[in-house]
Amino acid sequence: MTPEELRTACDRTVPDVVAGGLRVLFCGINPSLMTGATGHHFAHPGNRFWPVLHRSGFTPRQLKPAEQAELLRYGLGITNVVARATARADELSTEEFREGGRILTAKVELLRPQWLAVVGITAYRTAFGRRTARIGPQDHTIGDARVWALPNPSGLNAHWTARTMAEEYGRLLACVDHDTGNPDEPAPPAVSAVPTEDR
């Protein structure tokens with residue numbers, strides 16, 4: 001991918017990977033330029049979403065970004081709080097996040113996933129006006145969907161390692177399996193034991 005190709009991807013939108021009735025709808029902050037250029041979610045080589053998704057047990061093998069449609073086989077999907085691609089998340093305004101939260105709410109009410117998992121605590125706080133929210137299950141729902149805030153898998157998020165992220169994603173998976181009547185273990189506690197992400 002050339003620098004020029006990445007530059008021209010700025011402000012592009014990328015189609016969601018969605019269907020009705022998903023087990024989990026993962027929601028990124030917004031597409032990176034690499035995602036905008038390729039059309040594949042979490043496409044930046046430094047992003048840990050795909051390895052963490054596998055390591056936590058959501059997928060039986062590590063999918064490549066180009067295989068994103070395979071997620072639907074496992075009842076999983078991807079969307080974003082803000083649709084347009086940028087080089088950095090801090091290029092987005094507070095109003096864009098709030099408008100993204102309104103659009104996301106309508107999307108979740110239409111698609112009715114079992115869980116909405118927002119991968120980025122700051123994006124979640126801003127989009128939904130929940131300034132004190134912490135990583136983990138949240139105390140509100142969107143329609144029938146429960147909400148979980150997950151750590152941002154960006155390689156820039158040094159507060160979380162792949163291991164600690166996989167543990168948190170795995171806590172969500174345990175709740176999903178418990179809710180669908182297929183628990184491997186009792187549902188985990190509602191309070192996360194791992195550090196809160198700062199960004």
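Q: Which residues do ring pairs link into a cluster?
A: In this predicted model, ring pairs link Phe26, Phe42, Phe49, Trp50, Phe58 and Tyr169 into a cluster.

Q: How many aromatic pairs does the structure hold, and why is the pair of Phe26 and Tyr169 stacked?
A: There are seven aromatic pairs in the structure. To read one of them, look at the angle between the ring planes, since planes under 30 degrees apart count as stacked. The rings of Phe26 and Tyr169 have their planes at 15° and their centres 6.3 Å apart, so this pair is stacked.

Q: Which parts of the chain does the pair link, and are Phe26 and Tyr169 buried or exposed?
A: The pair links distant parts of the chain, because Phe26 lies in strand S1 (residues 24-28) while Tyr169 lies in helix H6 (residues 162-179), 143 residues apart. Both Phe26 and Tyr169 are buried.

Q: Why is the pair of Phe49 and Trp50 edge-to-face?
A: Planes over 60 degrees apart count as edge-to-face. The planes of Phe49 and Trp50 stand at 85°, with the ring centres 5.1 Å apart, so the pair is edge-to-face. Phe49 counts as buried at 0% relative accessibility, and Trp50 counts as buried at 3%.

Q: In what order do the five strands form the sheet?
A: As a general idea, the strands of a sheet pair through backbone hydrogen bonds, in either a parallel or an antiparallel way. Here five strands form an open sheet in the order S2-S1-S3-S5-S4, and the pairing is mixed. Strand S2 (76-80) and strand S4 (136-142) stand at the edges with a single partner strand each, so one side of each is left without a neighbour in the sheet. On average, and with direction ignored, neighbouring strands of this sheet are turned by 25° against each other.

Q: In which sense do S1 and S2 pair, parallel or antiparallel, and what packs on the sheet?
A: S1 and S2 pair in the parallel sense over five bridges, and Val24 stands opposite Leu76 in S2. Helix H6 packs on the sheet, where H6 touches S1, strand S3 (115-119), S4 and strand S5 (145-150), and the direction of H6 makes about 165° with that of S5.

Q: What is the mean pLDDT of the protein chain, and where is the pLDDT below 50?
A: The mean pLDDT of the protein chain is 89, and 90% of its residues reach 70 or more. Over residues 182-199, however, the pLDDT is below 50, and this stretch has 40 contacts in the model beyond near neighbours in sequence.

Definitions and conventions:
Residues numbered from 1 in each chain as written. Predicted model: local features only at pLDDT ≥ 70, side-chain atom pairs only at ≥ 80, totals over all residues. Heavy atoms only, no water. Phe/Tyr/Trp six-rings, centres within 6.5 Å; stacked < 30°, edge-to-face > 60°. Helix = DSSP H or I, 4+ residues; strand = E, 2+ residues; numbered from the N terminus. Buried < 20%, exposed > 50% of the residue type's maximum accessible area, 1.4 Å probe, protein only. pLDDT = per-residue confidence, 0-100. Contact = heavy atoms within 4.5 Å. Pairing = 2+ DSSP bridges. Axes fitted to C-alpha atoms, helices over the stretch in contact; angles between N-to-C directions.
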